[in-house]
Amino acid sequence: MNHAFLYAAARTPFGRFGGALAEVRPDDLAATALTGVLGKVPSLDPACVGDVVYGNANGAGEDNRNVARMAVLLAGLPVSVPGSTVNRLCGSSLDAAMTASRAVECGDADIVVAGGVESMTRAPWVLPKPAKGYPAGNVTAVSTTLGWRLVNERMPQEWTASLGECNEQLADRFAISRERQDGFAARSHQLAHAAWESGHYDDLVVPVPETGLTRDEGIRPGSTPGTLAGLKPSFRTGGSITAGNASPLNDGAAALVIGSEAAAEAVGAGPLARIAGRGTHALAPQDFGFAPVEAANAALARAGITWSDVSAVELNEAFAVQSLACVDAWRIDPAIVNAWGGAIAIGHPLGASGARILGTLAHRLRLSGDRWGVAAICIGVGQALAVVLENVTHGSENR
C-alpha cells in the first residue's frame, strides 16, 4: 500500500457573517482556494490532478450542484479533472482529506486536491417541497445557515436540541465553568492575532480577489476574560455559553494537495507531512462536542503512537466548553493545542474548517520540527473525525 502525504495547503481569510466575503459566491470561494493551493506547487501540471474532493455542509444554495466540480471549472483547470463533494457537516473537508488519502493509498489516484467551502452568509432560506400542490395558506421558510432544519418528527427531542443547548449540557456534565470557557476563548483571539503578526499565516492564506480582505475578519486581539465575562448567555438563562466563547458564523474555503511519495516529482517539491492515522467516532447526537476524544484516540492507535508522542494539536473550537472537555479527557498539555489560535477567533465556515486545521497542523510541525500532530473536529449530530500527521520535512529535529 502507498503512503499518503500532504504537499501543500492554502485557505482564504475567513470572513464574518455578512462581512467582507458576503458578496462572494461559495463556488468562487472554492475556486480561489483551489487556485491558491495549486499556486503553492507551481511545477505541478493541473492535468495531473486525479480528483478534487471538497467538503460542503449546507449545499442548498449556489453550492448545490457539486461545488467541487464547479471549483475545478471556475479555477480554469482542464475539464478532464473530476470533482466530488462530500458532506459530513462540520467535518466535511477533513472527511475530504481522509477520502483523498485513501484514494492515494490504494492507488486510485496519485495526486488529489482535497478541501472545503462554506458561505454561511449566503446559505438560503428554503421551503419544503410539498407532495401535492402548494397550499392556499402561508408556508414557512427555513434558514439553512446552521443547525437542525426540517426535522423529522420521529427524531427524539433530546437529539434535536440546539447546538448551544447540547454544549450547555456538556458544561453541566463536566463542571466546566464560564470562567474557564472565557479564558480559553480570549486565548484563541490572542494567539490568532500573534500568529498573524509573526507571519505564520503568510504562507497559508490567499486573498479573495476584489474583497480587500487579507486577514481573518473575526479576530479581536483585545479580548480578555474580563471583557468576555460581560456577554450574556446565548442559549440558556443563567447558562455559560455566549457569543464570545463559541465559534461564529463565517465564510471561507481551504484546500490541500495530497499525493503519494512518487508524486513528489510531479509536484516539484517534497511533502510536508504523512497522513499516518485516521479516526471516526460517533455518540448520541447531543454529545457531539465530546466525540473527538475517541476519534483522536482511534487515529493515534492506527498511527501506532500515543498522546505522549504528540507535540501539536489542532482542535476545531466549535465551543470553548467542548474543546476544554476534549483536552481534559486527553490529559494533554493545553499549550500544544491551537497554538496559532482556533475557530473561536479565526472562524468556522463549516465545510472549510477541517482542511484549515489540517493545513495549519502541517505548517506548525514544519516550523517546530516536531514529529507528530493531531487534527480533530467535532460534528453536529454526534460525530467526530481526527487525523494524525507525521512531519517529514527536512531538518525535523525530533525524528
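Is Asp287 buried, partly exposed or exposed? Asp287 is partly exposed, with a relative accessible area of 23%; buried stands for under 20% relative accessible area, exposed for over 50%, and partly exposed for the range in between (1.4 Å probe, protein chains only). The model is predicted: local features need pLDDT of at least 70, side-chain atom pairs count only at pLDDT 80 or more, and totals for chains, interfaces and linings use all residues. Residues are numbered from 1 along each chain as its sequence is written, and side-chain values use heavy atoms, with hydrogens and water left out.

**Figure 1. Overview of the chain.** The chain has 11 helices and 12 strands; these are DSSP runs numbered from the N terminus, helices being H or I of at least four residues and strands E of at least two. The C-alpha trace spans about 60 × 55 × 40 Å along its principal axes. Of the 399 residues, 55% count as buried. Among contacts with a separation of 6 or more, 80% come from residues 24 or more positions apart, a contact being heavy atoms within 4.5 Å.

**Figure 2. Salt bridge between Arg173 and Asp287.** The side chains of Arg173 and Asp287 meet in a salt bridge at 4.0 Å, N to O. The pair links distant parts of the chain, 114 residues apart: Arg173 is in helix H4 (residues 163-174), and Asp287 is in the loop between strand S9 (273-282) and helix H8 (292-303). A salt bridge is counted when a side-chain nitrogen of Lys or Arg is within 4 Å of a carboxyl oxygen of Asp or Glu; by this rule the count comes to 16.

**Figure 3. Surroundings of Gln286.** Gln286 has its place in the loop between S9 and H8. With a relative accessible area of 16%, Gln286 is buried. Not counting residues up to four places away in sequence, Gln286 touches Glu158, Trp159, Cys166 and Gln169.

**Figure 4. Salt bridge between Glu62 and Arg122.** A salt bridge joins the side chains of Glu62 and Arg122 at 2.6 Å, N to O. The partners are 60 residues apart and link distant parts of the chain, with Glu62 in the loop between strand S3 (51-55) and helix H2 (67-74) and Arg122 in the loop between strand S5 (111-119) and strand S6 (125-126). Glu62 is partly exposed at 25% relative accessible area, and Arg122 is partly exposed at 27%.

**Figure 5. Salt bridge between Arg88 and Asp95.** The closest N and O atoms of Asp95 and Arg88 are 2.9 Å apart, and the two residues form a salt bridge. Asp95 is buried, with a relative accessible area of 10%.

Figure 6. Most residues other than glycine have a negative phi. Asn66 has a positive phi near 60° and lies in the loop between S3 and H2. Its relative accessible area is 29%, and Asn66 is partly exposed. The phi of Val381 is positive as well, near 75°. Val381 lies in the loop between strand S11 (372-379) and strand S12 (383-391) and counts as partly exposed at 39% relative accessibility.
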